[in-house]
Amino acid sequence: MFSSIAKKNLEKDSRVLGKAWEGTYGGYFSDKKNIQNFLERIIPFLPEYPLDILYVASASGILGEAIIRYLGKGNLTLVDISQKHLNANNNPNTKKICCDLLNLDLRKKFDLVVMRSSLDYFPTRESQVKVLKIIKDHIKKNGLFINQPAYVSNMKDRDIISHIYTSVEKIGDRLFQSEDLEGIYIEAGYKQFKKIGEGEKLIITQEDHIKRYNLGEDDIAYIQSIITQNSSYAEKTEDGYILRFDFPIFLANI
Ligand SMILES: C[S@@+](CC[C@H](N)C(=O)[O-])C[C@H]1O[C@@H](n2cnc3c(N)ncnc32)[C@H](O)[C@@H]1O
């Protein structure tokens, strides 16, 4: 059973499922440099033994495959709500599970759980705490949780951008991460939380959103009307807008 949050996420992403995801936002999420940077930041924190890795909200799992390739050992399990995303992974050694994270119960614990750019798909603080608790239940006692969320460092801009996503019917609902993230982890029961690196900024214009969500002129004008004051995260331009997201990498223990 998929939750209403999961169903809506799947429906709103219908144009970017499977192989199409790789080209989304100029290929940001499959970009070799972005993946290499992620690997270099996380490797110093990983134990030497072969890791059982769970990649949640993985799409086709490109990032998880890169970790396994780099380590040269270990096992990878992917969980995503989209079977089409999972079908785009053709590694026979990778386990693929089509499941709503809000209902995940694998009855198994992992050495490392990875998440990237997905916590915001749970569009309330309550659902984010719930997902983080579910993830925690899948982490071994000395295991790690590494998360690279879309991040807007001040809450005012975060709220404006989340409002843009949530109030435009064609875009999925979002609550992006900000300086309240540590509190969300603490509420979910995590013990240690620290930033271990920073990815490239993700820069999105109205053109990217037109491709991804089929926005019309009225949607763009509406989004422009929400950005009443330009900031380094949300900027109104003559033709539309520019949104900029940070991509910090956080490590947490349970
Ligand atoms: C922005 S994409 C990120 C994909 C991948 N982590 C990456 O970095 O390329 C968000 C992913 O979350 C998945 N997703 C959204 N809601 C979900 C849910 N409730 N349960 C499991 N996966 C979900 C989507 O299908 C999508 O693959």
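Helices here are DSSP runs of H or I at least four residues long, numbered from the N terminus. With that in hand, here are the close-ups of this predicted model.

**View 1. The shell around the ligand.** Helix α1, residues 4–12, gives the largest share of the shell around the ligand, with 3 residues. In total, 20 residues surround the ligand. The closest are A6, F29, A57, L101 and R116. Sorted by class, the shell holds 10 nonpolar, 6 polar and 4 charged residues.

**View 2. The crossing of helices α2 and α3.** Two packed helices are described by the angle between their axes and the distance between the axes. Here α2 spans residues 32–42 and α3 spans residues 62–71. Their axes come within 10 Å and cross at roughly 55°, so α2 and α3 are oblique to each other. The crossing of this pair, α2 and α3, is right-handed.

**View 3. Side by side: the residues where α2 meets α3.** From α2 come I35, F38 and L39, which meet L63, A66, I67 and Y70 of α3. This contact of α2 with α3 is made up of 7 nonpolar residues, with no polar and no charged ones.

View 4. An unreviewed UniProt entry lists residues 53–143 as "domain: Methyltransferase". Over residues 53–143 the chain is 30% helix and 29% strand. The end C-alpha atoms of residues 53–143 are 10 Å apart.

Methods:
Residues are numbered from 1 along each chain as its sequence is written. This is a predicted model: local features need pLDDT of at least 70, side-chain atom pairs count only at pLDDT 80 or more; totals for chains, interfaces and linings use all residues. UniProt positions are given in the numbering used here, feature names are shortened, and annotations may be inferred rather than shown by experiment. Helices (H or I, at least four residues) and strands (E, at least two) are DSSP runs, numbered from the N terminus. A residue is near a molecule or strand if its C-beta atom, placed from the backbone, lies within 6 Å of it. Ala, Val, Leu, Ile, Met, Phe, Trp, Tyr, Cys and Pro count as nonpolar, Asp, Glu, Lys and Arg as charged, and the others, Gly among them, as polar. Axes are lines fitted to C-alpha atoms, for helices over the stretch in contact, and angles run from 0 to 180 degrees between N-to-C directions. Angles under 35 degrees count as roughly parallel, over 145 as roughly antiparallel, 65 to 115 as roughly perpendicular and the rest as oblique. A crossing is left-handed if the near helix is turned anticlockwise from the far one by less than a right angle, and right-handed if clockwise. Two residues are in contact if their C-beta atoms, placed from the backbone, lie within 7 Å.
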